[in-house]
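The exercises below are to be worked with the sequence and the 3D view side by side. Each task is followed by a solution in steps.

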Amino acid sequence: MIRTSRSAGAVDRSAAVRRRVGTGTDGAVVIVVALGGGLGALARYGLWHVLPPPPGHFPLATFTANVLGCVLIGVLMVLITEVWSAHRLVRPFLGVGILGGFTTFSTYAVEFHELLRSGLVLGAVGYLTVTLLCALVAVILGVWGTRLGANLVRKSEAS
């Protein structure tokens with residue numbers, strides 16, 4: 001059913017959403033995300049050269065980047081939300097930019113597909129599963145370890 005008129009006092013929420021989303025793009029956020037993304041991608045590229053992926057084998061560089069990035073995102077989120085009073089550009093620069101550029105779930109998907117195409121179905125499914133599980137555990141450990149460390153520091157400072 002198409003409504004052509006509104007009752008008195010009705011709010012056009014879609015117009016409010018369009019105004020909020022369509023205006024006020026923060027140029028500083030865009031710049032720090034772009035700079036951080038470039039730095040993160042360079043770090044991943046360096047890791048790829050240290051751990052080059054042989055065709056048909058476990059993609060260790062991508063796995064390492066994704067799991068390490070997940071640990072670091074867990075650490076970062078605790079630090080900037082519970083420990084520090086961070087500048088508003090810290091999260092976009094480090095979290096979205098650097099860690100977003102460092103981690104690469106698109107390459108993970110491509111490498112999974114390449115393992116499948118090579119006929120290594122068990123290896124592909126193993127890579128898919130192990131990466132997801134390790135990434136989730138890594139975030140949890142990063143959060144847990146950082147909270148534990150922050151609590152220890154607070155207790156020592158209180159003594």
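**Exercise 1. Leu 133**

Task: In which helix is Leu 133 found, and is Leu 133 buried or exposed?

Solution. The model is a predicted one.
Step 1. Leu 133 is found in helix 6.
Step 2. The relative accessibility of Leu 133 is 52%. A residue counts as exposed over 50%, so Leu 133 is exposed.
Step 3. For a distance across the chain, take Val 67: Leu 133 and Val 67 are 66 residues apart in sequence, and their C-alpha atoms are 9.4 Å apart in space.

**Exercise 2. The chain as a whole**

Task: How many helices and strands does the chain have, and what part of its residues counts as buried?

Solution. 
Step 1. There are 6 helices and 0 strands in the chain. Along the sequence this gives the pattern α-α-α-α-α-α.
Step 2. The chain has 159 residues, and 26% of them count as buried.
Step 3. Take the contacts in the chain with a separation of 6 or more: 75% of these join residues 24 or more positions apart.

**Exercise 3. Helix 6**

Task: What span should helix 6 have at 1.5 Å a residue, and which of its residues are buried?

Solution. 
Step 1. Helix 6 runs over residues 121–158. Its 38 residues should span 56 Å at 1.5 Å a residue.
Step 2. The buried residues of helix 6 are Ala 124, Tyr 127, Thr 131, Ala 135, Ala 138, Gly 142, Val 143, Thr 146 and Ala 150. They pack against helix 3 and helix 5.
Step 3. Asn 151 is also in helix 6. Its relative accessible area is 37%, so Asn 151 is partly exposed.

**Exercise 4. Two threonines**

Task: Which backbone oxygen lies 2.8 Å from the side chain of Thr 131, and which one does the side chain of Thr 103 reach?

Solution. 
Step 1. Thr 131 lies in helix 6. Its relative accessible area is 0%, so Thr 131 is buried.
Step 2. A polar atom of the Thr 131 side chain lies 2.8 Å from the backbone oxygen of Tyr 127.
Step 3. Not counting residues up to four places away in sequence, Thr 131 touches Phe 63, Asn 66, Phe 105 and Tyr 108.
Step 4. Thr 103 is in the loop between helix 4 and helix 5. With a relative accessible area of 16%, Thr 103 is buried.
Step 5. The Thr 103 side chain reaches the backbone oxygen of Leu 99 at 2.8 Å.
Step 6. Neighbours within four places in sequence left aside, the contacts of Thr 103 are Arg 44, Ala 65, Asn 66, Gly 69 and Cys 70. Asn 66 is also among the residues that Thr 131 touches.

**Exercise 5. Helix 2 and helix 4**

Task: At what angle do helix 2 and helix 4 pack, and which residues of helix 2 are buried?

Solution. 
Step 1. Helix 2 has 24 residues and reaches 35 Å from its first C-alpha to its last, close to the 34 Å expected at 1.5 Å a residue.
Step 2. At the start of helix 2, the backbone nitrogen of Ala 28 has a side-chain oxygen of Asp 26 within 3.1 Å.
Step 3. Val 32, Gly 36, Gly 37, Gly 40 and Leu 47 are the buried residues of helix 2. What covers them includes helix 3 and helix 4.
Step 4. Two packed helices are described by the angle between their axes and the distance between those axes. For helix 2 and helix 4 the angle is about 35° and the axes are 6 Å apart.
Step 5. The crossing of helix 2 with helix 4 is right-handed. The residues in contact include Gly 36, Gly 40 and Arg 44 of helix 2 and Val 96, Gly 97 and Gly 101 of helix 4.
Step 6. By class, this contact has 13 nonpolar, 5 polar and 1 charged residues.

**Exercise 6. Arg 117**

Task: Is Arg 117 buried or exposed?

Solution. 
Step 1. Arg 117 is found in helix 5.
Step 2. Its relative accessible area is 66%, so Arg 117 is exposed.
Step 3. Arg 117 and Gly 56 are 61 residues apart in sequence, and 9.5 Å apart in space from C-alpha to C-alpha.

Methods. Residues numbered from 1 in each chain as written. Predicted model: local features only at pLDDT ≥ 70, side-chain atom pairs only at ≥ 80, totals over all residues. Heavy atoms only, no water. Helix = DSSP H or I, 4+ residues; strand = E, 2+ residues; numbered from the N terminus. Buried < 20%, exposed > 50% of the residue type's maximum accessible area, 1.4 Å probe, protein only. Polar contact = N/O pair within 3.5 Å; in protein donor to acceptor, adjacent residues only side chain to side chain. Contact = heavy atoms within 4.5 Å. Axes fitted to C-alpha atoms, helices over the stretch in contact; angles between N-to-C directions. Left-handed = near helix turned anticlockwise from the far one by under 90°. Nonpolar A, V, L, I, M, F, W, Y, C, P; charged D, E, K, R; others polar. Expected span 1.5 Å × (residues − 1).
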